[in-house]
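Subject: The structure, and what turned up in it

Hi,

Here is the structure I promised to pass on.

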Amino acid sequence: MKSTFKALASLALVTVLAACNEAPAPTAALATDTAAGPSFTIRFDESLGTAPQDGRLLLLLSNTDRDEPRFLVDNSLDTQLIYGRNVADWAAGAEMLIDAAHIGFPINTLADLPPGRYYVQALLNRYKDFTLSNGKTVSLSPDQGEGQQWNRKPGNYYSEPVAMDITADGRYEILLDQQIAEIEPAEDTEFIKHVRMKSELLSEFWGEDVYLGAHVLLPKDFDTHPEARYPLMVFHGHFPSDFGAFRPEPPEPDLEPVYSERFSMDGYNIIQQQEAHNNYLRWIADDFPRFLAIEIQHPTPYYDDSYAVNSESQGPYGDAINYELIPFIEEQFRGLGEGWARFTYGGSTGGWEAMATQMFYPDEFNGAFVACPDPIDFRAYLTMNIYEDENAYFYPSDFQSITRPGRRDYLGNVSSSIKDQNDLERVLGDRNRSGQQFDIWEATFSPMAEDGYPADLWDPQTGEIDPEIAAYWKENFDLSYILQRDWATLGPKLEGKLHIYTGDMDNYYLNNAVYLVEEFLENTTEPYYAGEVDYGDRAEHCWNGDQENGNHLSRLRYNWMYVPKILKRIEESAPEGADVSSWRY
């Protein structure tokens, strides 16, 4: 992006009051508290619509022009600045103020903002009201086909970035006059089909029509083998815009190499295209087994996916996926439709979902391949034990204030704390409306509070943990505890089905929970769990069990890497008379 950010064209829309020689006439809209610091008056243009708006108004400041400020806010060491506030019934043309009274990250108040030149942008993450089946009304940001990304959500209002010289007591005006465009839906191809299905269960819960989607990868020669019925592989994970890592075409011959900071590798985009093409070649090979593979779209107003379980604040997503969507897909694309012929896998969020799905619907699936899962034992909820620790942000100490780390690299270097991560979420949205990681865990694992929003596990400002909410998490979503509590009845249904993988230097300390689960599983009897737990030496998030290749490759091979173990499982466990041949053409 050019450094000017169309600044000259946009200056007509932005008035830098601090640069004027005369002070502006005092108005109610521009009045600020006694706290020092610059203030920003924001309006949205009538060209965007005249209906009053509810939502989260965000102010973004950046000291670099390498991209728009809305794309430069995160928990990395080079994050830029963000400030936020709620708006309700905001009329077109009306002025809305953000100043030192409003929360920010990582500098938590504009009063402490160093003067200087910044690239400035504002964005409104728009909310709408949902009246739930229990009668409660909540105001949330509906997904618009983008996977709950506030900075890319179609329909959100924003301003073009403009370079400003910010002073300690300056007053500035910003006009939102842009709107993020709608997303073009993915198109069907020979191998990839896209389905969308209204969920009756979720529509009843949310008080309006709710749809689930999926990208379905069809086996080779699907149309020429009408007699074949297929096993189903369910790939859980974050919101997929299309079926990933599958490309019939070779890599573009003149593709410009792009450096990957995550993997410290130049030309990773070329590697991705080559791997996607290799996956296509595997898929059509004569000796490759034929099956259906699907990636599910199930975003909620709280996150880019639902965590694939039933919960108080999000509704019956587990039942909707497993009893509505999956049978719908199997009927449409000739799936075998039986538990022995279904398998699930995924990494990170998808790893937790794969394990939870196998546990909560044990007869519906015949194996879960659980990579780098989100916390599966809340005694190791990242770097805290929610049952014994009193504070999520700080280690106990009489005289020190030591924050709990939230992210590290493979050498242990910490780049953010749990408090840092939660502070950013607090700016993006209160009442668990940030669309980020800790808020979705609460939207999934917590009971519903009296106001209709998820109850907080801890005080968002202080980090003080609520033991009653922790107890609810334990009984309903602590997968390790549930395994131990219910092993007498659940164990026989899970024998041979759990395969868990993680790097021993997972960036988010997720390996700590896996250690605790492994300790229990290895000591199980009647039955012994008969699965596997494996670790990658010094491997970061999200290692998935490949001891031969780095994660930069194995993360692109989910739909192929577990096939040998799946085939072995089918051979060992398919019931007498099961169709184990029509799909082996």
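Helix 7 has these buried residues: Phe438, Asp439, Ile440, Trp441, Glu442, Ala443, Thr444 and Phe445. Please keep in mind, here and below, that this is a predicted model. Helix 7 covers residues 437–445, and because eight of its nine residues are buried, the helix is largely enclosed by the rest of the structure. What do the buried residues of helix 7 pack against? Their partners are strand 17 (310–311), helix 5 (349–360), helix 6 (418–428) and helix 8 (467–477).

Leaving aside residues up to four places away in sequence, Tyr381 touches Phe438 and Trp441, along with Pro375, Ile386, Leu457, Trp458 and Trp473. Tyr381 belongs to the largest nonpolar core, which has 115 residues. Within that core, the residues that touch the most other members are Trp206, Met355, Tyr381, Trp458, Leu483 and Leu521. Another core lies apart from it, with 26 residues, among them Leu48, Ile98, Leu113 and Ile174. As background, nonpolar side chains in soluble globular proteins tend to be buried together.

Which of them gives the largest share? That is strand 14, with five residues. By residue type, the lining of the second largest pocket splits into 15 nonpolar, eight polar and six charged.

Strand 14 deserves a look of its own. Strand 14 is joined to strand 13 by seven bridges, and the two run antiparallel. One of the pairs to look for is Val195 with Ala214, the latter in strand 14. Strand 14 also runs antiparallel to strand 16 (residues 292–297), with five bridges between them. There, His215 has Glu295 of strand 16 as its bridge partner.

How many cavities of 30 Å³ or more does the model have? The count is three. The largest cavity has a volume of about 50 Å³. Asn125, Ser141, Gln148, Trp150, Pro301, Arg433, Ser434 and Gly435 line the largest cavity. Its lining comprises two nonpolar residues, five polar and one charged.

Gln148 sits in the loop between strand 8 (137–140) and strand 9 (157–158). Is Gln148 buried or exposed? With a relative accessible area of 6%, Gln148 is buried. Arg538 likewise is not a glycine and has a positive phi, of about 55 degrees. With a relative accessible area of 51%, though, Arg538 is exposed, because the cut-off for exposed is over 50%. You will find Arg538 in the loop between strand 24 and helix 11.

That loop also holds Cys542, and the peptide bond joining His541 to Cys542 is cis, with omega about 15 degrees. A cis peptide bond also runs from Glu526 to Pro527, where omega is near 5 degrees. Pro527 is in the loop between helix 10 (511–521) and strand 24 (532–536). For context, most residues other than glycine have a negative phi, and most peptide bonds are trans.

Last, a residue from the segment after helix 13 (563–573): Ser581. Ser581 is exposed, at a relative accessible area of 53%. Where Ser581 and Pro289 are concerned, 292 residues separate them in sequence, while their C-alpha atoms are 10.0 Å apart in space.

Best wishes

Methods
Residues are numbered from 1 along each chain as its sequence is written. This is a predicted model: local features need pLDDT of at least 70, side-chain atom pairs count only at pLDDT 80 or more; totals for chains, interfaces and linings use all residues. Side-chain values use heavy atoms; hydrogens and water are left out. Helices (H or I, at least four residues) and strands (E, at least two) are DSSP runs, numbered from the N terminus. Ala, Val, Leu, Ile, Met, Phe, Trp, Tyr, Cys and Pro count as nonpolar, Asp, Glu, Lys and Arg as charged, and the others, Gly among them, as polar. Buried means under 20% relative accessible area, exposed over 50%, partly exposed in between (1.4 Å probe, protein chains only). A nonpolar core is a set of buried Ala, Val, Leu, Ile, Met, Phe, Trp, Tyr and Cys residues joined through side-chain atoms within 4.5 Å. Contact means heavy atoms within 4.5 Å. Two strands pair if DSSP finds at least two bridges between them. On a 1 Å grid over the protein atoms alone, a cavity is a set of points where a 1.4 Å probe fits but cannot get out, and a pocket is an open set with protein on both sides within 12 Å along at least five of seven lines; lining residues have an atom within 4 Å of a point. Grid points are joined across faces, edges and corners, and a volume is the space filled by probe spheres set on the points.
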